[in-house]
Amino acid sequence: MSVFRAFCLRSRNGILTHIQSQPSRIKVLQPLFYKLRNDVHFKHLAGSTSTIPQKAPKKTPSPYDSMIRKKRDEAERSILVQVQSAMSHPELYSYISQFASVEQMYHYSFSDDMQFIVVELSSAEDVERILDASGHLSQGDLIPVRSPLLWFRAKGGGNSLKSKSKKKSKNIENAENLPPLKCGCITLSEGDIMKSVSSCSSFSEQVQVLYKLSCLDELGSRIRFLTARQLELALQGIFPNAKAIPFGSSVNGFGRVGCDLDLSLHLDSCESEEEDGNPTSLRLIFQTKMIPFNGRAQMQRQMEAVGDILQLFLPGCTHVRRILQARVPIVKYHQDFTSLECDVTMSNQTAVFMSELLWIMGSLDARVRPLVFTVRHWAKAVRLTSATPGPFITNFTLTLLVLHYLQCCKPHPVLPSLTTLISMAAPGDRRVSDDGVNCTFLRDISRVKPSENTESLHALLFGFFQFYASFNFEGRGLSLAKGHGDNSGVGIVKPDASPLYVENPLERMLNVSKNVNGQELERLRIEMRSAAWLMEEMLALSDDEAQEVHSTRTSHSALKSASDGALSWGLMDLLSPSNAKVKDNRLSVGTAMKINAKGRLVRVTDLFEDTERDDSRASHSVTRGAHKGRKR
Ligand code: CTP
Ligand code: MG
């Protein structure tokens with residue numbers, strides 16, 4: 001297998017790459033990677049050739065690394081305590097203050113009896129002191145796990161929280177320096193968001209407000225890192241350096257309140273060797289078991305064991321599912337105390353670097369994240385994305401679609417191509433994942449010149465729908481590496497017959513949208529066109545006019561807005577499921593197919609000129625007709 005793998009890794013004109021079907025994430029392969037890393041000419045997929053030096057330059061910590069380190073550090077200094085209600089805050093503070101120094105407290109709940117306070121302490125030692133002062137119920141049928149997930153029993157309720165300190169509990173009145181109880185939300189109220197969106201004065205403001213209200217907040221981020229901490233602590237008895245690293249939308253800046261938690265589990269790392277740059281400097285080496293020849297089977301067994309630990313021992317972890325035959329074996333579970341759906345993979349370092357790349361793209365321009373959020377929200381509303389796996393476009397692919405469009409904006413792109421970011425990389429930016437994928441790109445975003453593109457969010461969103469409504473998906477694929485690229489046209493020549501081809505930015509021989517079938521692509525195209533038409537009409541109106549038109553419509557139409565009494569206008573028309581339904585009825589696949597994909601978008605008013613009906617379900621065409629008439 002090693003020979004085959006080495007061959008594959010060296011294939012494709014020397015491109016060091018990752019072979020999907022191989023057990024690529026198994027550590028037994030690492031010596032091979034070290035050899036490859038040190039020997040071969042390492043060709044950036046963007047084209048420039050470089051050699052991985054014998055002595056790797058010291059990694060420059062990136063702003064992303066610093067962000068992750070800060071959050072991991074907060075989690076190491078935090079405990080999660082189930083309480084009776086937010087009112088328990090002073091009493092809990094007072095009790096904990098006997099043993100430890102409290103920095104911050106956050107409250108959340110998802111039902112009357114599921115109320116929690118995250119307590120951030122001054123140090124990891126403080127956490128240890130609290131855990132030393134905690135105990136188990138004396139019943140014999142409990143698994144006696146020690147973890148920072150606790151509950152605060154009512155005073156006099158027995159000895160589960162037993163003080164090893166002789167000090168008496170301070171009175172609540174004496175609770176000096178009581179930090180204010182911060183609150184966050186772990187579930188979204190669509191109605192509240194839409195009310196706020198409705199009261200905005202412009203479309204672009206609506207996009208901003210949607211983003212601000214639905215993005216992951218401080219609490220959402222803290223509970224994710226605490227959930228990761230629970231798993232890594234459970235494994236640290238055998239693997240003291242075990243890390244459960246969040247990746248995906250929890251950390252890449254595109255996470256929505258309630259998004260899942262993707263975790264990459266690293267049982268141990270060779271970082272000490274790598275950072276040192278001299279593998280021979282260590283004299284004492286741990287005795288270890290070799291991973292047997294069939295590494296993939298072994299990894300599946302390991303993942304199975306992780307699933308068992310979650311299922312058998314860890315409090316709050318329920319609904320454990322092992323999907324071990326997948327390309328990347330995965331264990332899914334639900335953490336009931338943080339209400340998070342978690343996906344655990346093993347040593348998924350390339351995906352971790354992918355999250356960093358997306359985070360960097362999102363940090364380069366303030367318009368990127370609001371746009372991605374809006375497109376993801378829209379795709380959910382028109383049912384292009386689905387919570388269940390299948391041939392549907394995923395949020396990750398949609399994000400790449402938006403980033404690619406922003407690279408292609410004319411005359412000035414909003415984002416640089418990945419090739420540009422690679423060419424600007426400093427020696428300290430060099431990164432190679434466990435499985436040998438080159439993840440080198442610029443980390444210091446202050447070195448990227450701000451974009452000269454000054455388009456509004458409104459115009460950019462319209463541009464996005466227009467761009468893909470007329471994109472030649474039959475012949476072309478999308479590449480973030482290329483961006484707007486050379487003169488060979490938009491996108492890249494599609495390397496295979498997949499209906500939708502979106503190149504994985506870090507593993508360029510992979511198509512991240514391989515799952516999307518022809519039917520789903522067609523639906524995507526139809527919805528893009530439909531959205532572009534709707535927005536074209538909106539752009540023809542001033543924001544005041546748009547509000548007025550929609551006010552008239554809602555006042556005498558059966559079409560109710562998404563939130564009670566809130567005026568549905570602008571962005572809400574794109575996002576409202578009821579409007580999506582109207583669009584479904586209005587635009588059949590057949591109609592859409594008649595439209596030339598490559599030509600200019602047909603004006604919706606031309607299509608619906610004679611379609612005014614006294615039918616509230618045809619609200620868009622009625623509105624447009626009315627508006628047209630009013631203008632004339
Ligand atoms: N990923 C990847 N290649 C893929 C799919 C996913 O590298 N073909 C990585 C990306 O970093 C992605 C992460 O795995 O962000 C998690 O995937 P997923 O949970 O599907 O997407 P999210 O971005 O987390 O979005 P969501 O909010 O829908 O979970
Ligand atoms: Mg995710």
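Start with the contacts of Leu418. Leaving out residues up to four places away in sequence, Leu418 touches Leu357, Gln407, Phe441, Leu480, Ala481, Pro505 and Arg508. Contact here means heavy atoms within 4.5 Å.

A word on the basis. This is a predicted model, where local features need pLDDT of at least 70, side-chain atom pairs count only at pLDDT 80 or more, and totals for chains, interfaces and linings use all residues. Residues are numbered from 1 along each chain as its sequence is written, chains are lettered from A and ligands numbered from 1 in the order in which they are written, and side-chain values use heavy atoms, with hydrogens and water left out.

Back to Leu418. It sits in helix H14, residues 418-423. Helices are DSSP runs of H or I with at least four residues, strands are E runs of at least two, and both are numbered from the N terminus. Leu357 is 61 residues away along the chain, with 9.0 Å between the two C-alpha atoms. Leu418 is buried because its relative accessible area is 1%. The cut-offs: buried is under 20%, exposed over 50%, partly exposed in between, with a 1.4 Å probe and protein chains only.

Next, His404. Helix H13, residues 395-408, holds His404. Its relative accessibility is 0%, so His404 counts as buried. Beyond four places in sequence, the contacts of His404 include Phe467, Tyr468, Leu478 and Leu480.

Last, Ser513. Ser513 is in the loop between strand S14 (492-493) and helix H16 (518-540). Why does Ser513 count as buried? Because its relative accessibility is 0%. A polar atom of the Ser513 side chain lies 3.3 Å from the backbone nitrogen of Val502. Val502 is also among the contacts of Ser513 beyond four places in sequence, with Thr397, Leu500 and Tyr501.

Definitions and conventions:
A polar contact is a pair of N or O atoms within 3.5 Å; within protein, one must be able to donate a hydrogen and the other to accept it, and residues adjacent in sequence count only if both atoms are side-chain atoms.
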